[in-house]
Amino acid sequence: MADYPIISDVSQYIVKKLREKMCPEPIPSPNNIDVSSPLSQDVDYLVGVYLYDIVEDVQVIQPRMIEQGRAQLTKPPRPFALYYMVFVNGSGQMGLKAPDTQKIIGKIAQIINDNNSVRPDELQSWLTTQEPPIVLSQAKISLEEKVRVWQAINKPYQISLFYKAAPVYLSSAEIIDTPRVVDASIGLYVAGDDSTR
């Protein structure tokens with residue numbers, strides 16, 4: 001199962017796809033798209049990918065323990081949903097006008113819609129297990145909830161896109177050694193033999 005960098009890997013996947021498809025038009029350079037918070041003071045980026053929430057999916061039932069080889073067990077992976085806000089840097093120094101922002105937002109929506117799933121083994125090439133694809137879908141949140149995300153970082157609301165990436169399975173690093181069988185007792189019972197009673 002995927003190791004702990006998977007959360008960062010999903011973020012980088014989104015950035016990679018946006019850089020591939022948005023440059024040089026409508027974004028001049030790949031460096032203008034990055035994982036960032038709207039609080040960042042860096043005015044060089046135009047598009048930010050902001051991970052604002054991580055929620056465990058408690059509805060997915062997992063086995064209690066998973067066998068690792070012949071004498072080890074590990075806790076099952078936990079499924080998470082990642083919530084992203086993809087926004088256009090509204091800094092006045094960037095010189096963007098409303099139509100420019102809307103074009104950029106439209107292009108972002110198009111790209112994510114066309115690249116809305118990724119297999120974990122594409123993000124972590126060493127994986128040997130088959131895991132379900134991580135799907136990017138629009139987060140089902142209201143305008144009021146979107147405004148609250150902006151308020152939480154003390155920024156005025158601006159038009160942005162909100163996505164959910166799930167399921168993201170995060171493996172356990174805890175491995176439990178199971179005791180070896182060192183003694184075995186075997187009994188034999190023959191039907192109709194009264195001497196065994």
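**Exercise 1.** Classify Phe162 as buried or exposed in this predicted model.

Solution. Buried means under 20% relative accessible area, exposed over 50%, and partly exposed in between (1.4 Å probe, protein chains only). Phe162 has 3% relative accessibility, so Phe162 counts as buried. Residues are numbered from 1 along each chain as its sequence is written. Local features need pLDDT of at least 70, side-chain atom pairs count only at pLDDT 80 or more, totals for chains, interfaces and linings use all residues, and side-chain values use heavy atoms, without hydrogens and water.

**Exercise 2.** State how many aromatic pairs there are, and classify the pair of Tyr52 and Tyr83.

Solution. Rings of Phe, Tyr and Trp (its six-membered ring) pair if their centres lie within 6.5 Å; planes under 30 degrees apart are stacked, over 60 edge-to-face, and the rest tilted. The count comes to four aromatic pairs. For Tyr52 and Tyr83 the ring centres are 6.3 Å apart and the planes stand at 55°, so this pair is tilted. Strands (E, at least two residues) are DSSP runs, numbered from the N terminus. Tyr52 lies in strand S2 (residues 47–56) and Tyr83 in strand S5 (residues 78–88), so the pair ties together parts 31 residues apart in sequence. Tyr52 is partly exposed at 22% relative accessible area, and Tyr83, at 17%, counts as buried.

**Exercise 3.** Classify the pair of Tyr52 and Phe162.

Solution. The centre-to-centre distance is 5.8 Å and the angle between the planes is 75°, an edge-to-face pair. Tyr52 in strand S2 and Phe162 in strand S8 (residues 160–170) are 110 residues apart.

Definitions and conventions
Helix = DSSP H or I, 4+ residues; strand = E, 2+ residues; numbered from the N terminus.
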